[in-house]
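The sequence and structure come before the description.

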Amino acid sequence: MSDRGTGSIVADEADVIVVGAGPGGSAAAYHLARHGVRVLLLEKTEFPREKVCGDGLTPRAVRQLIRMGVDTSEKAGWLHNRGLRVIGGGVRMELDWPDLASFPNYGLVRTRMDFDDLLAGRAAEAGALLRTGVNVTGPVFDEDGYVIGVQAKSDGEPVEYRAPLVIAADGVSGKFPLALGLAKRDDRPLGVAVRRYYRSPAKADDNYLESWLELRSAQDPARLLPGYGWIFGLGDGRVNVGLGILNSSDAFGKTNYRSLLTDWLGSTPEDWGLRDEANADGPTLGAALPMGFNRVPHYTRGVLLVGDSGGMVNPMNGEGIAYAMESGELAAEVAVQALARPAGPERERALRAYPAELSLRFGGYYRIGGIFVKLIGNPQIMRAATKYGMPHPTLMKFVLKLLANLTDPRDGDAMDRIINGLTKVAPAV
């Protein structure tokens, strides 16, 4: 790859270029613009657009929406939920989101079809220059190998955009960090999820996200299928139904996940309508879940990695949106401080604070998550945990806080202190 992209046009110079207008990129662009930074937000597709996702947001993600000034009321089109319904081991238990000072006590549901559009709009309203239909193809380097912009194609024509800093928020594909030689780490957790929409009036208005720890085969009800599943309403008569498998499972990479989903749904009650292909609304779509910082370093040569691009999905529950938005805000804060310094060693010192702070916030927690992934990948351990853990509400409340990463850092209860203590003593990934 050439350093300069010969023959292309230098356009729209900015202080920061953000590659990708998903939740992480839009959050970064919003917070940068709010600080008066000239930010260029580049998105390869046009809005609104489909994106494979669970569509469910925990209170951790809700907090980030509120920090972006998003109206999360039901009048604004959001479906609220009270918590998580867990099904497994012959037990069905409803766990409300914890009542904390640090997080709201409700979750949300909204399809990515307009969720990403809404967030990109917030970034633009704050002052970011949003350009859609721009496919970033790689970095532009200076003579020292430092990234000073991006190469892209717009309307089929090559173009360059220049800026002192670039934030890569280009999702699980991570093409931009790959162009810098940053490959995924095979020693970190990885998941695969598939989901499909169904019309299901019986389940559409449920105010809990439903998590299935055991999946039964319709063809052989005595057989447990690999992975975990979910069902929850979208507020419009449809439900999002899906399942995920982690790379600690023997079935990972060896299973037809779409057939697996169909087999499981065949075991659900008939009145839910999930057995009937006629109720399906669209195809079964899948995506990888890059977990536990599976691409590092998160800062190098003028580029900060945000969200899925940096492998920031929570290994405990497969949640990615909250961490994309949180890392986006942090990247913006670091960039603002760095740009206030002269280019060179002083600015680099400020930029190195980004991976250090990410490690401090999530490194120990993700380390525990990696152990958790290995344990639940063992069917015997998963079966025993479900059988003996599910009947105990207090234990399950603790598990909910742990898996959703919802604790108060100060003045929390005993559960919060235990979880916070564990994440502090665990070595960072």
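Proline 48 sits in the loop that runs between strand S3 (39–43) and strand S4 (56–57). The model is a predicted one.

The peptide bond leading from valine 296 to proline 297 is cis, with omega near 0 degrees. Phenylalanine 293 also belongs to the loop between S20 and S21. Phenylalanine 293 is not a glycine, yet its phi is positive, at about 60 degrees.

| Cis peptide bond | Omega |
|---|---|
| valine 296 to proline 297 | near 0 degrees |

## Domains and their interface

The domain assignment divides the protein chain into domain 1, made of 16–80 + 107–187 + 292–372, and domain 2, which covers 190–290. Between the C-alpha centres of domain 1 and domain 2 there are 29 Å. To the contact, domain 1 gives 19 residues and domain 2 gives 19 residues.

The size of an interface is often stated as the accessible area lost when the parts come together. For domain 1 and domain 2, the buried area is about 1500 Å², and carbon and sulfur atoms give 64% of that area. On the domain 1 side, Val52, Leu79 and Val109 lose the most area to domain 2, and together these residues account for 30% of what that side buries.

The UniProt record, an unreviewed entry, places the feature "domain: FAD-binding" at residues 13–183. In the model, the span 13–183 is 24% helix and 35% strand, and its end C-alpha atoms lie 28 Å apart.

## The H1 and H6 helix pair

Two packed helices are described by the angle between their axes and the distance between the axes. For helix H1 (residues 23–34) and helix H6 (residues 321–339), the axes come within 7 Å and cross at roughly 30 degrees. The crossing of H1 past H6 is right-handed.

H1 makes the contact through Pro23, Gly24, Ala27, Ala28, His31 and Leu32, while H6 uses Ile321, Ala324, Met325, Gly328, Glu329, Ala332, Ala335 and Val336. By type, the residues in the contact of H1 with H6 comprise 10 nonpolar, 3 polar and 1 charged.

Conventions:
Residues are numbered from 1 along each chain as its sequence is written. This is a predicted model: local features need pLDDT of at least 70, side-chain atom pairs count only at pLDDT 80 or more; totals for chains, interfaces and linings use all residues. Side-chain values use heavy atoms; hydrogens and water are left out. Axes are lines fitted to C-alpha atoms, for helices over the stretch in contact, and angles run from 0 to 180 degrees between N-to-C directions. Helices (H or I, at least four residues) and strands (E, at least two) are DSSP runs, numbered from the N terminus. A crossing is left-handed if the near helix is turned anticlockwise from the far one by less than a right angle, and right-handed if clockwise. Contact means heavy atoms within 4.5 Å. Ala, Val, Leu, Ile, Met, Phe, Trp, Tyr, Cys and Pro count as nonpolar, Asp, Glu, Lys and Arg as charged, and the others, Gly among them, as polar. UniProt positions are given in the numbering used here, feature names are shortened, and annotations may be inferred rather than shown by experiment. Domain bounds come from an automatic or database domain assignment. Buried area is the accessible area (1.4 Å probe) that two parts lose on being put together, summed over both.
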